[in-house]
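Welcome, and please open your viewer. We will go from stop to stop, selecting a few residues at a time and looking at what surrounds them.

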Amino acid sequence: MTTYPLLDVSHPVVKKAHHFMYTHARLLDRYRFEYATGQRSAESVVQALAAYQNQDGGFGHALEPDIRSPYSQPQGAEFALHLLDEVHFYPERILTGLGFFLQKHANPTTGGWPYSFKNVNDYPHAPWWTTEKDDTASLNPSGSIIGLLYKCKDWHPFLRENWFKKAADFVWSSLENTELEGYHNLIQAIHFLENQDESERSIRLKQKLDHLLEQPGVIELNPKATGYVQKVLDWAPRSDSYAARFVPKEITEQHLEHLLSSQQEDGGWPISWPALSVAAEAEWRGHLTMERLKTLASYGII
């Protein structure tokens, strides 16, 4: 179980972020901030998350802020699982519904879930979410969904269900038989493989993954690089992250210093992609500010 230290509310960085969270962030992220500062329980964070869960068990309603649709989406399931993992609380009422959703929408032939469903097109969304077909499973987000579900195996019998086994087989096959490239696919591989036992199969695939992560340019080492790039702390948001060992300590320290200096005057951190709307930008910045605070805490900076 991965944890990060409680945030010190007296630290200047946290005090500035406190102001931002209460002027800009949505309720869910304010509750996350209060949990991270020891002022709120994990149960109450999950209660706020439950407002985004639909009757079909999936998650929508802009939980992923660039998808404004109320409908459940595979990316919403991944987003929700990351938040459950953050607070280490997996209530039966949330997981049972999510299991129904994942089982219903898993590809009947291959297992796994698509990048997005076509109904994403019916509501405002960032252009990269537009989809013309939703009958093909994708490593993104299937890898993270299965990897994160392994973490809650003690709370729910997912691992004994056929749809779970089939989806896991899809991810294994994708990692073995496709050319992995790009942050959004490689991070899925990381989330999946770091939650596997040390079998011959997982060791072999980790070696493949390690070789890719070692290639120049895969992990952006320049802390001042601009645009939509994934830098060291995107790959290694925690000091014990899988990818952390591929970056020299002095480079990581440069990125931590730059992250500190990137906190804006309003107390939050900026996004690095075009905002869909004012609301979406505020929601993303609230989420991202919490992620940045967790990173700084994990590395012992705040």
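Contact, on this tour, means heavy atoms within 4.5 Å. This is a predicted model, where local features need pLDDT of at least 70 and side-chain atom pairs count only at pLDDT 80 or more, while totals for chains, interfaces and linings use all residues. Residues are numbered from 1 along each chain as its sequence is written, and side-chain values use heavy atoms, with hydrogens and water left out.

**Stop one: Tyr31**

Select Tyr31, which is found in helix α2 (residues 27–36). Helices here are DSSP runs (H or I, at least four residues), numbered from the N terminus. Not counting residues up to four places away in sequence, Tyr31 touches Arg40, Ser44, Val45 and Ala48.

Most residues other than glycine have a negative phi, and most peptide bonds are trans. Select Ala62, in the loop between α3 (42–50) and α4. Ala62 is not a glycine, although its phi is positive, about 65°. Is Ala62 buried or exposed? Its relative accessibility is 6%, so it counts as buried (buried is under 20% relative accessible area, exposed over 50%, partly exposed in between, with a 1.4 Å probe and protein chains only).

Next, pick His88 in the loop between α4 and α5. His88 has a positive phi too, about 55°, and at 17% relative accessibility it counts as buried. Then move to Asn140 and Pro141, which are joined by a cis peptide bond with omega about 20°. Pro141 lies in helix α6.

**Stop three: α4 against α5**

Two packed helices are described by the angle between their axes and the distance between the axes. Select α4 (residues 74–87) and α5 (residues 92–105): their axes come within 11 Å and cross at roughly 155°. Axes are lines fitted to C-alpha atoms, for helices over the stretch in contact, and angles run from 0 to 180 degrees between N-to-C directions. The two helices are therefore roughly antiparallel to each other (under 35 degrees is roughly parallel, over 145 roughly antiparallel, 65 to 115 roughly perpendicular and the rest oblique). Which residues make the contact? From α4 come Pro74, Ala77, Leu81 and Leu84, and from α5 come Ile94, Leu95, Leu98, Phe101 and Leu102.

**Stop four: α7 and its partners**

Go on to α7 (residues 162–177). Its buried residues include Trp163, Phe164, Phe170 and Trp172. The buried residues of α7 pack against α5, α6 (139–151), α8 (183–193) and α9 (200–213).

**Stop five: α8**

Select α8, which is mostly covered, with nine of its eleven residues buried. Among them are Tyr183, Ile187, His191 and Phe192. The buried residues of α8 pack against α4, α6, α7, α9 and α10 (232–235).

**Last stop: Tyr123**

Finally, find Tyr123 in the loop between α5 and α6. At 34% relative accessibility, Tyr123 counts as partly exposed. Leaving aside neighbours within four places in sequence, Tyr123 is in contact with Arg68, Ser69, Pro70 and Tyr71.
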